[in-house]
Amino acid sequence: MYIAEYPPFQVLSEKGDHGGFSVELFNEIVKLSDLNIEYIPVPWVRAQTLVAEQENSLLFTMAKTPEREALYNWVATIYVVNEGVFSLKSRTDININTLDDVHRYSIALPRGDVSVKTLDIFPNYTKGVYIVEHQEQCMKMLNLGRVDLNYNNDVGFFNAAQMLGFKREQFTQIFTTGQTEMGIVANNHSDPEDLRKIRQALLILKENGIYNKIQRKWFTESMDKEFDSIKL
């Protein structure tokens, strides 16, 4: 299982005692499915390449898109987030009514992120776009006023803001593009029985209340968006 730093889904430790919503949930899946899993932390872009190439490999947490569904075996959805554009709340001069409006402003995006495709950044739009290695860099640039916008989801954005010591009320989701499923993917040549075990274990965790318990621990800010049905 390849994982990349992405709080609160994956919180990685140099000592190897990784945590986060997805890690805790998958640990429970492993207990029920009796699978032999090794967690391997790698940078996000490399993780995507490795899972596309290696049989019986897995990756979380990935946003679901048609392009990614063609590259990987979508195992299961484990959460749903609201995608969109964020700005400083103090920037009352920014007006976003459509995705095309985004290109009137400068924006910071992490390398390999789904937002690059969503916003049609390349090849049509390049001016004012800053591609950096990590979402935290995007947040810092936005906070300092070096860029006008950042594209993220509500969970990832506000969690990153908190971890960086910023106040949640400094920012606003100025435009919402829609909901996106976040989940587990596998290499297309993975053992179908192993994937069936993962899906079955996830359903059991939803039924016995463990899923909701882990969700409440990591998503206290978004419990009004209770995820009642897991899509397989």
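Which residues is Phe-26 in contact with, leaving aside its neighbours within four places in sequence?

## Phe-26 and its surroundings

Beyond those neighbours, Phe-26 is in contact (heavy atoms within 4.5 Å) with Met-1, Ile-37, Tyr-39, Leu-58, Phe-60, Ile-184 and Ile-198. Phe-26 itself belongs to helix H1, residues 21–33. Helices here are DSSP runs of H or I with at least four residues, strands are E runs of at least two, and both are numbered from the N terminus. With a relative accessibility of 1%, Phe-26 counts as buried, a word that means under 20% relative accessible area, with over 50% called exposed and partly exposed in between (1.4 Å probe, protein chains only). His-189 lies 163 residues from Phe-26 along the chain, and 20 Å separates their C-alpha atoms.

## About the model

This is a predicted model, in which local features need pLDDT of at least 70 and side-chain atom pairs count only at pLDDT 80 or more, while totals for chains, interfaces and linings use all residues. Residues are numbered from 1 along each chain as its sequence is written, and side-chain values use heavy atoms, with hydrogens and water left out.

## The chain as a whole

Let's step back to the overall fold. The chain has eight helices and eight strands. Its radius of gyration, taken over C-alpha atoms, is 18 Å, close to the 17 Å that the globule rule (2.2 Å times the number of residues to the power 0.38) gives for 232 residues, so the chain is as compact as a globular protein of that length. Along the principal axes, the C-alpha atoms fill a box of roughly 55 × 35 × 35 Å.

Of the 232 residues, 49% count as buried. Among contacts with a separation of 6 or more, 71% come from residues 24 or more positions apart.

## Asn-153 in strand S7

Now to Asn-153, found in strand S7, which covers residues 149–153. Asn-153 counts as buried, at 2% relative accessibility. The side chains of Asn-153 and Tyr-6 are joined by a polar contact of 2.6 Å; such a contact is a pair of N or O atoms within 3.5 Å, where within protein one must be able to donate a hydrogen and the other to accept it, and residues adjacent in sequence count only if both atoms are side-chain atoms. Leaving aside neighbours within four places in sequence, the residues in contact with Asn-153 are Tyr-6, Val-81, Asn-82, Glu-83 and Phe-86.
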